Amino acid sequence: MHISDWFSRKPKYAVLKPEKREIPEGLWTRCPKCLEILYNKELERNLKVCSKCGYHFKLGAWERIYQLVDNNDFYELDGNLESVDALPFDDGIYLEKLREDKEKTGLNEAIVTGKGKIEGFESFLGVFDFGFIGGSMASVVGEKVTRLFEYGLRESLPVVIVTATGGARMYEGMLSLMQMAKTNAALSRYRKSGGLFISVLADPSTAGVMASFASQGDVIIAEPGALIGFAGPRVIEQTIKQKLPEGFQSSEFVFQHGMVDIVVERSRLKSTIGRIIKIWKKK
Amino acid sequence: MRKLTPWEKVQLSRHPQRPLTIDYIENLFEDFVELHGDRLYGDDPALIGGIGIFKNRGVVVIGHNKGKNIKENVVRNFGMPHPEGYRKALRLMRLAERWRLPVISFIDTPGAYPGIGAEERGQAEAIGRNILEAFDIKTPILVVVIGEGGSGGALGIGVGDRILMLENSIYSVISPEGCAAIIWKDSKQAEKAASALKLTAQDLLRFNIIDEIIPEPPGGAHTDITATIRAVEESIERNLEIICSKDIETLLEERYQKVRRIGVFEEKMVPKAGVEPARSPSST
């Protein structure tokens with residue numbers, strides 16, 4: 001369906017108060033980096049960061065949202081957009097994949113977008129979920145991101161997007177690739193209006209999403225230890241036929257190469273975003 | 001002649017004798033001056049650019065350029081640009097804007113280069129920036145896909161006012177081999193992936209991603225290079241005329257709306273205010 005007439009419409013607000021995602025099975029989780037056994041309740045309290053080595057576990061979209069918005073108040077927008085097998089891609093395997101990942105994540109797409117307050121500042125927030133087809137961008141994700149910039153422009157509010165993505169989604173072919181152009185077209189207009197776009201790069205942030213809006217934040221924040229780049233490390237290794245050095249494409253690596261503004265630990269992410277918005281608003 | 005399969009088109013689009021950007025430059029533009037370098041780090045032989053005259057009109061030309069043989073391909077990196085290539089292209093697009101000349105962009109790349117230096121110097125940033133800034137380049141941009149349209153590496157110089165595509169060229173979110181390796185864990189399923197991805201010019205016209213298909217001689221572009229170049233010339237001339245006659249505000253608005261409409265999805269009904277919201281986090 002083409003949303004050519006959407007400019008004349010008001011966004012539809014769906015007020016949702018979902019329950020927090022449950023603590024994973026069992027009481028303990030092993031840190032994949034230092035192998036320390038962590039008590040789940042403690043891990044949750046520590047925002048899913050290993051208390052021993054500082055490893056940042058991947059977060060589901062709603063876990064991240066609750067870590068960032070004030071008082072768990074978040075108004076989801078465009079949660080009613082659903083993917084279809086537009087190409088169609090080889091005998092329904094896409095629909096099967098969608099069904100599986102909807103069930104697995106409890107989401108209906110790889111991004112949740114909406115409006116909430118961050119440190120008291122009203123903002124539009126979009127959060128990718130890597131668990132949903134690798135946080136990949138196709139028609140729905142592209143449309144939601146595009147609308148988020150359009151809402152931000154209309155209401156003169158900041159836009160914060162947390163990415164955790166493997167790039168453009170194969171199952172929608174060129175429709176996916178063109179979302180890179182669509183999202184950046186909207187970002188271009190939002191920037192010209194003086195908007196503030198904070199791009200937060202979580203693990204991993206690569207390929208088509210990085211090569212469009214995620215690399216074009218006014219301020220780019222990376223979480224420690226995230227994989228950030230254009231090509232995935234396996235593709236690079238196959239191309240150059242050698243092993244990549246330890247830490248290649250890590251947050252610290254891209255920071256050293258000038259690609260991000262700040263590497264911020266999860267415990268300070270919300271306050272850092274809040275401080276940036278506060279300065280942006282002082283004019 | 002029978003209809004070619006998507007996989008056969010993939011082969012044709014990569015044919016070693018297929019005309020390259022350099023062939024179009026040599027045959028279509030008078031007084032061409034190649035311009036080099038991104039003014040930041042280096043010059044990228046995989047993505048070339050310059051200025052020339054097309055039908056009595058000054059133009060800026062950019063394009064991926066593969067080599068004609070192995071030796072040339074080593075120099076040209078098989079048409080896979082580094083960030084310097086994209087930054088040079090952006091520099092030339094801004095030059096075109098200042099000089100009020102239209103941009104003609106030729107697409108022919110397997111993709112942006114996945115390598116260490118490319119990552120260190122911000123491949124994703126370079127491509128992302130080009131796509132972003134293309135919506136603010138205040139001069140007409142004409143894009144012609146002449147061979148392989150390899151994903152983000154193609155789109156990095158692929159935003160424009162008219163997108164033309166040679167009949168047997170392809171444009172895809174991922175290579176069929178890459179897609180097959182991920183989905184079926186077997187790159188030998190590339191033929192199946194080529195069909196699934198809908199990467200032919202005919203598919204992309206149907207999805208309104210491109211504007212026009214330029215016909216190729218039977219057997220493919222390489223079987224009659226002169227005829228292919230003439231067909232491209234005719235199409236460029238006609239389409240350039242159209243976009244150069246529009247005022248710039250209209251052009252930028254249409255450039256925006258053209259991509260704004262791309263995407264296929266379902267927008268389900270939202271419950272009215274006061275109705276109990278659904279329990280699942282994001283379904284309504």
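**Strands, helices and the interface of chains A and B**

Me: Which residue of strand 6 of chain B stands opposite B:Leu142?

Reply: Strands are DSSP runs (E, at least two residues), as helices are (H or I, at least four), both numbered from the N terminus. Strand 5 of chain B is joined by four bridges to strand 6 (residues 162-166) of chain B, and the two run parallel; strands pair if DSSP finds at least two bridges between them. Opposite B:Leu142 stands B:Arg162.

Me: What is the mean pLDDT of chain A?

Reply: This is a predicted model, in which local features need pLDDT of at least 70 and side-chain atom pairs count only at pLDDT 80 or more, while totals for chains, interfaces and linings use all residues. Residues are numbered from 1 along each chain as its sequence is written, chains are lettered from A and ligands numbered from 1 in the order in which they are written. The predictor's confidence in each residue, from 0 to 100, is its pLDDT, and 91% of the residues of chain A reach 70 or more. The mean for chain A is 93.

Me: Over which residues of chain A is the pLDDT below 50?

Reply: Where pLDDT is low, the predicted coordinates should not be read in detail. Beyond near neighbours in sequence, the stretch concerned has three contacts in the model, a contact being two C-beta atoms, placed from the backbone, within 7 Å. In chain A the pLDDT is below 50 over residues 3-11.

Me: How many of the residues of strand 5 of chain B are buried?

Reply: A residue is buried if 20 or more other C-beta atoms, placed from the backbone, lie within 10 Å of its own. Strand 5 (residues 141-150) of chain B is paired in the parallel sense with strand 4 of chain B over six bridges and with strand 7 of chain B over three bridges. Strand 5 is largely enclosed by the rest of the structure, because the number of its residues that are buried is 10 of the 10.

Me: Which residue of strand 7 of chain B stands opposite B:Gly150?

Reply: Strand 5 and strand 7 of chain B pair in the parallel sense. Opposite B:Gly150, the residue of strand 7 is B:Ser172.

Me: How far apart are the end C-alpha atoms of helix 4 of chain B?

Reply: The expected span of a helix is 1.5 Å times one less than its number of residues. The 17 residues of helix 4 (residues 83-99) of chain B should therefore span 24 Å. The model agrees, with its end C-alpha atoms apart by 24 Å.

Me: Which element gives the largest share of the side of chain B that touches chain A?

Reply: The contact takes 55 residues from chain B and 61 residues from chain A. Elements giving two or more residues to the chain B side include helix 5, helix 8 (176-183) and helix 12 (248-260) of chain B. The largest share, eight residues, comes from helix 6 of chain B.

Me: Which residue stands opposite A:Leu81 in strand 9 of chain B?

Reply: Strand 5 (residues 81-83) of chain A pairs with strand 9 of chain B in the antiparallel sense, over three bridges. Within strand 9, A:Leu81 has opposite it B:Glu267.

Me: How many other C-beta atoms lie within 10 Å of A:Phe130?

Reply: A:Phe130 lies in the loop between strand 7 (121-128) and helix 4 (139-155) of chain A. Leaving aside neighbours within four places in sequence, its contacts are A:Lys58, A:Gly135, A:Ala164 and A:Thr165. A:Phe130 is buried, because the number of other C-beta atoms within 10 Å is 22.

Definitions and conventions
Buried ≥ 20, exposed ≤ 12 C-beta atoms within 10 Å, placed from the backbone.
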